[in-house]
Amino acid sequence: NQEKLSSGRFTEATDAFVEEFTASIQFDQRMYKQDIQGSIAHARMLYKVGVLTAKEEDAIIKGLEHIWSEIENDQMHWSIKQEDIHMNIESRLTQMIGVTGKKLHTGRSRNDQVATDIRLYVRDQIDLIQQDLRRLQAGLVELAEREADTIMPGFTHLQTAQPVTFGHHMLAWYEMLVRDEERLLDCRKRVNSLPLGSAALAGTTYPIDREYTAQLLGFDRVCQNSLDGVSDRDFAIEFASWAAIFIMHLTRFSEELILWSSAQFQFIDLPDRFCTGSSIMPQKKNPDVPELVRGKSGRVYGHLVSLLTLMKSQPLAYNKDNQEDKEPLFDTIDTVRGCLRAFGDMMPALEVKRDNTYRAARNGFATATDLADYLVRKGLAFRDAHEAVGLAVAHGVKTKQDLADMSLATLQGFCEVIEQDVYEVLTLEGSVNARNHLGGTAPAQVRLQVAQAKTRLAS
Ligand code: ARG
């Protein structure tokens, strides 16, 4: 019991199982860097306000830097007896520099320490995730540019609707990721607030300078209420919500990639390095990466619900419940980063089977709306045009021919205003090129949006 940092009050040693049950060192050691950064800033602040001498500050900082390198070199001995990352590092410091090490915790509690560590950790991860997001955005833009003229069927209800360009479809995904990036950066603002100085819950009697600590650690602001500072986990829930929305987007991409690479669609070829085979069926090439990403949405949504449930009804201020915030949060981060990496590698390598997407667009009467619009230009009311084209489509279904394959006489049988120029609007190229306005599917618009995206990504 003696080696424990908080043994004074106890008359018997902690039960061995309870020790294990209550420890978090197994999973919170990944915050060692943030814990040490926080401690160094705290020590510098204590020196600035006269609580530590220059010599003490120096010894503490040198000791912490040494521990940092021990950890990086796998030389740190992690002990369950020291419960968590905070006490493991502090006890190692005291072991190294003696009584001065015991002064580091002046004016601080593990409650504000852990809240600070998590915020620093999440902030660091947000910055890395933003880079990964941008990499995927760039990959989609590259693909959109390559496939700006590629025609495919656009769908509603998964039924052929109107022709679109493949590039336009990729830019739809890009737009989702731009919003994801905006939401992520907005979440970062609330993550980047300093709890340290809240101490256990009520603040501390030392003349601390929280603004200084915040400045040293790159926080934009200081948590304004100590009770809130130690107990707020909104930022973690917000991040998990962000992740849930983001991975929902990836499941939509995944679903389409899975469909498109099937023998029934054959729109794309996923490079072999992103697929696996079957142990029994020799012909199989399975789209494992998108399938797994789609499946991983389950745990990300689950972690959001875990965190919401963890915080639900918690009275102020810190409760040990909060130790349960880390595993869902860390797994959310790992999952998101894994998915981003896989998609970032895969998307630019996607091979589009242009002949197949073109043929598919020719098959489902994708230009029926164009014909209706043509009739409107010739003077019909839209509803009458819709009716006439509907009859033409029914004829096409019965006789197995596309609108563009019907003779002029046949078409005129459905509406006498139709003339030879109708064939210009019945082509797929004519259809997509005609939608040449902001947000439309025309190749010219895709190129414009690609250029804008590239400018944005370069900034
Ligand atoms: N390991 C703890 C956590 O993750 C650190 C804070 C512990 N504070 C306490 N009063 N027991 O939340």
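**Helix packing and domain contacts in a predicted model**

Trainee: Over residues 8-302, how much of the chain is helix?

Mentor: The model is predicted. Over residues 8-302, the end C-alpha atoms lie 40 Å apart. UniProt, in an unreviewed entry, gives this stretch the feature "domain: Fumarate lyase N-terminal". Strand takes 6% of residues 8-302, and the helix share is 61%.

Trainee: UniProt also lists residues 365-433. What strand content does the chain have there?

Mentor: The record's name for residues 365-433 is "domain: Argininosuccinate lyase C-terminal", again from an unreviewed entry. The end C-alpha atoms of that stretch are 17 Å apart.

Trainee: Now the domain assignment. How far apart are the centres of domain 2 and domain 3?

Mentor: The protein chain is divided into domain 1 (16-106), domain 2 (111-358) and domain 3 (359-458). Take the centres of domain 2 and domain 3 over C-alpha atoms. Their separation is 38 Å.

Trainee: How many residues does each of these two domains put into the contact?

Mentor: Count each side of the contact on its own. Domain 2 gives 25 residues, and domain 3 gives 21 residues.

Trainee: Which elements each supply at least two residues of the side of domain 2 that touches domain 3, and how does that side divide by class?

Mentor: The elements are helix H6 (110-146), strand E1 (151-156), strand E2 (159-165), helix H7 (166-191) and helix H13 (354-363). By class, the residues of this side are 13 nonpolar, 8 polar and 4 charged.

Trainee: Two of those elements are H6 and H7. Are H6 and H7 roughly parallel or antiparallel?

Mentor: H6 and H7 pack with their axes 9 Å apart, at an angle of about 165 degrees. Angles over 145 degrees count as roughly antiparallel. So H6 relative to H7 is roughly antiparallel.

Trainee: Is the crossing of H6 and H7 left-handed or right-handed, and how many charged residues does the contact have?

Mentor: The H6 and H7 crossing is left-handed. The contact of H6 with H7 holds 17 nonpolar and 3 polar residues, and its charged count is 6.

Trainee: Which residue has a positive phi although it is not a glycine?

Mentor: Most residues other than glycine have a negative phi. The exception here sits in the loop between E1 and E2. With a phi of about 60 degrees, the residue is His-157.

Trainee: How do H11 and H12 lie to each other, roughly parallel or roughly antiparallel?

Mentor: The axes of H11 (residues 288-311) and H12 (residues 326-346) come within 9 Å. They cross at roughly 155 degrees. That is over 145, so H11 to H12 is roughly antiparallel.

Trainee: Which H12 residues meet H11, and how many nonpolar residues does the contact have?

Mentor: From H11 come Val-289, Val-293, Lys-296, Arg-299, Val-300, His-303, Ser-306 and Leu-307. They meet Pro-328, Asp-331, Thr-332, Thr-335, Cys-339, Ala-342, Phe-343 and Met-346 in H12. The contact has 3 charged and 4 polar residues, and the nonpolar count is 9.

Trainee: Which peptide bond is cis?

Mentor: Most peptide bonds are trans. Look at Ala-317, in the loop between H11 and H12. With omega near 0 degrees, the cis bond runs from Leu-316 to Ala-317.

Trainee: What does the crossing angle make H14 relative to H15?

Mentor: The axes of H14 (residues 368-377) and H15 (residues 382-399) come within 8 Å and cross at roughly 135 degrees.

Trainee: How many charged residues are in the contact of H14 with H15?

Mentor: H14 passes H15 in a right-handed crossing. Ala-368, Leu-371, Ala-372, Leu-375 and Val-376 in H14 meet H15 residues including Phe-382, His-386 and Val-393. The contact divides into 10 nonpolar and 1 polar, and the number of charged residues is none.

Conventions:
Residues numbered from 1 in each chain as written. Predicted model: local features only at pLDDT ≥ 70, side-chain atom pairs only at ≥ 80, totals over all residues. Axes fitted to C-alpha atoms, helices over the stretch in contact; angles between N-to-C directions. Helix = DSSP H or I, 4+ residues; strand = E, 2+ residues; numbered from the N terminus. Left-handed = near helix turned anticlockwise from the far one by under 90°. Contact = placed C-beta atoms within 7 Å. Nonpolar A, V, L, I, M, F, W, Y, C, P; charged D, E, K, R; others polar. UniProt positions renumbered as here; feature names shortened; annotations may be inferred. Domains from an automatic or database assignment. Parallel < 35°, antiparallel > 145°, perpendicular 65-115°, else oblique.
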